[in-house]
Amino acid sequence: MSEERLPRRLRLPRVPSGARANKARPAVPAALIDRLLKGSTTASFELTLDELLHELPGIAQAFFWVRQGPHQFYLQAARGVPKGSLEEVLESSLKSAYLGSAEDWQGGVAHLDNQQHILERVLGLQPAGLSVEEPPANLTLPLVADRQVWAVLQLHAQAQHLGPDEAGWVGQFVSGIAPILREVYLREQAERKALWLSAINALLQTSREQPLELVLQDAIEEATRLSGAEGARLIVFEGHAIRTIAQAGWGSGLVVEAAITRQLGERLRSGQQVGIPRYDLYPNRRPELFEAGLRSLFILPILRQSSETSALLLFSTQRHWLPDAQTQELLGDMAAAIGVVRAEWALRRELAWAAYTDPLTGLGNRRAFERDLEKLTARTNGRMVVLMLLDLDGFKSINDTYGHIHADHLLVRLGGVLRARARAGDRAYRLGGDEFALLIEGSSTLDPQRIAERYRALLEEIRVSDSTYLKVSLGYAVFPTEVTDAQNLWRRADDQMYKDKALRKGRTPLFAPVLEPAQWGLQLDTPLFRLADRLAQVLKLDWEEQQVLQASCYLLELALGRAMPTTEAQLPEALLREAARVLMYLQSPWDARELLSESIPRAARVLQVALHYITATQPTEGRAARSPEEALEEIAAQAHQRFDPGVVEALYSLKVWLSDQSAA
Amino acid sequence: MTPDTIPQYGEAILIMDSRSAPAIVRSHSTCESWNRLYKLDNLYLDLSLKIDESGPLLMGKLLTPNPLEGRVRLVAENQDVLQDAELRAMRAWHFRVPAGGVCRLEMHLGGHSFVVRSLDIP
């Protein structure tokens, strides 16, 4: 190039062939700087090449490689070559194609040569469709910053168009522009990183109240967008099966995860990432995926502390699509964040499960019941809520007869039945001991009675022993038709359950709501009443049993004419029934469970002993009164057969008192 | 071999690349081994790099049902031939390779030559 042929706009000092670029940078027009700074990295590099080619029209091909990893360079801009024919090369390939010294490479010295086409040296072959100028001239200019080559400019032309003068000019022109290109390149890298970090941060900051699936969906949509993929899947390996838990972008109707063969799955499980830039050539490709247009895949494993492996699968319909080194690293961070979020959700789920689950039966516990009851009754959506309470009949005797392990096993089976066979949407809970609850939500056409009987039938199929089955008392109440708040709903269901239990035992509750337990009491001054009272104290009968004992004593004394009816001692109806029931057992053997369907109430067993003692110590026609000792011996002789030995023992403990009473 | 004497090689096409994931490498210090699958015309080349106590080990296997024979050689950046071995279909071979460099693999099978470029050795 002669002085006259130099570009008018860019008349720069010449540099001798192979010489170092002049340190004095030529002035770059302000308008060009402005345009460079406004563009993306690709646009800025392309603009630079355009400027070069505009000023040096004899250049046949121009390439700008930019570092994208520790060893890799990406073709950021090119002129004179078919688009897409080149993408990445290793730094070593560029370095070996540079025929200057290693020091010159590292020092950013432009090198001009007249060897074969520069790309043939870089790639080992001439890319298809590329013209080779004869005689050839190649210029390679490494751009250095922070002691590292970060970009490489390569030019190819006929030797007459690319001589030492042109090389010198290019060196100076590029040295003036390089800081701007570097600025644009770093800015874009920082912006990309900021976008990724923002997406990762958003994922980690997501409200834990949101469903995990939605959170992950958002995350992989971001990963798809930022990585330049066309679609993505978040998958989990379950044995040899693969389950998709979130998906985004292209191919929503395709089973893209089927591209992961067993061998690929093993690689992922061992922590390997997999890139398939040419799925169309992959030997184990799935024809349906290939036909649908799948061309490249990138799969990143997400390993958790447990044995579970999940993976982020990104794909494209373009050949050779793979995330660059920076994107791979940021995808790795995103994948790690997804792993953290999933682990946290799993932990929260486990904690919630533990906090709201009865460990024995697997049903909801009392805390879960109270929470759900409040939630359901706080709604005003017009739907009906049925609270059903269930209580196992005679569970204490099952415990006593078969032991706690068997009784616990029954509860486990009951939990299993409720979990497996409950109606869809019905929620079952163990409130404690042998008390259970069901919360049933439905429309106004719901038939609670029918549902209740269905549940009762289900549970009463559970076998306790060869010949006996569980018995269940239940009660229910309906919100909002019967009651309008949670507390009353619970109370009413409890009352109903209690009534049902009493009915199933052939009796009504002892203490109907109209009569409080403490409201009835009686003291009669008869020997039988006094003895029964003392025995009740020794045996520590509870208040309810004492009332039944007093009431039955009262009825008995009335019947024997030893007491007169009194309005003060008017018995509540329920207590009257219970007292009459005690009197019915008066002549039965104390342990008549085999004959009767239930055991004799304790009050009856106490009254049996007391009545026999009082009768024995009083004279009757044809028989003198027995002494306390004789009466005690007579009773002791029938302990176990006729009398409850525990009550007999209690009677013996009153021996002194009995003697005093007899003397009085 | 100098650049101007490079014969016309069929370029190996990278089909699959598998290596330790960056996040896994950072947290577990896993070695930088890799495995790649290339297509050479109608053949496949399974190539992997393992790092054991003796250093990097390059292992390869030509996957084809046809009984092919030839030679494979490893060439350094400076064109020095580092290793040379017999090549047979479905038979594994391995080369010890210098750490921290970039090499290329040349294969000559019958009348065909193939090259795998840019083999990065950590």
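**Group meeting: strands, helices and a chain interface**

Five bridges join strand β13 (residues 427-432) of chain A to strand β14 (residues 435-442) of chain A, and the two run antiparallel. Two strands are said to pair if DSSP finds at least two bridges between them. The strands themselves (E, at least two residues) and the helices (H or I, at least four) are DSSP runs numbered from the N terminus. Before I continue, please note that this is a predicted model, in which local features need pLDDT of at least 70, side-chain atom pairs count only at pLDDT 80 or more, and totals for chains, interfaces and linings use all residues. Residues are numbered from 1 along each chain as its sequence is written, while chains are lettered from A and ligands numbered from 1 in the order in which they are written.

Let me return to that pair of strands. A:A428 stands opposite A:L438 in β14(A). Two residues separate β13(A) and β14(A), which form a hairpin, and in its turn A:G433 has a positive phi of about 50°.

I now turn to another strand of chain A, β6 (residues 148-158). Eight of its eleven residues are buried, so β6(A) is largely enclosed by the rest of the structure. A residue counts as buried if 20 or more other C-beta atoms, placed from the backbone, lie within 10 Å of its own. Strand β5 (residues 136-145) pairs with β6(A) in the antiparallel sense over ten bridges, with A:P136 opposite A:Q158. These two strands also form a hairpin with two residues between them, and A:D146 in the turn has a positive phi of about 50°. Strand β1 (residues 59-67) of chain A is joined to β6(A) by seven bridges, again antiparallel, and A:F63 stands opposite A:Q154.

Next, the helices. α10(A) has 32 residues and reaches 46 Å from its first C-alpha to its last. This is close to the 46 Å expected at 1.5 Å a residue, where the expected span is 1.5 Å times one less than the number of residues. Its buried residues include A:L330, A:M334 and A:I338. How do we describe two packed helices? We give the angle between their axes and the distance between the axes. The axes of α6 (residues 164-205) of chain A and α10(A) come within 9 Å and cross at roughly 10°. The two helices are therefore roughly parallel, a term for angles under 35 degrees. Among the residues that meet are A:W196 and A:L203 in α6(A) and A:L330 and A:M334 in α10(A); residues are in contact if their C-beta atoms, placed from the backbone, lie within 7 Å. The residues of this contact divide into ten nonpolar, two polar and three charged. Here Ala, Val, Leu, Ile, Met, Phe, Trp, Tyr, Cys and Pro count as nonpolar, Asp, Glu, Lys and Arg as charged, and the others, Gly among them, as polar.

Finally, the two chains. How many residues of chain A are in contact with chain B? There are 32, and they touch 27 residues of chain B. On the chain A side, α10(A) gives the most, with six residues. That side divides into 14 nonpolar, 13 polar and five charged residues. One bridge partner in β2(B) is B:R19, which stands with A:Q273.

Key:
Contact = placed C-beta atoms within 7 Å. Axes fitted to C-alpha atoms, helices over the stretch in contact; angles between N-to-C directions. Parallel < 35°, antiparallel > 145°, perpendicular 65-115°, else oblique. Buried ≥ 20, exposed ≤ 12 C-beta atoms within 10 Å, placed from the backbone.
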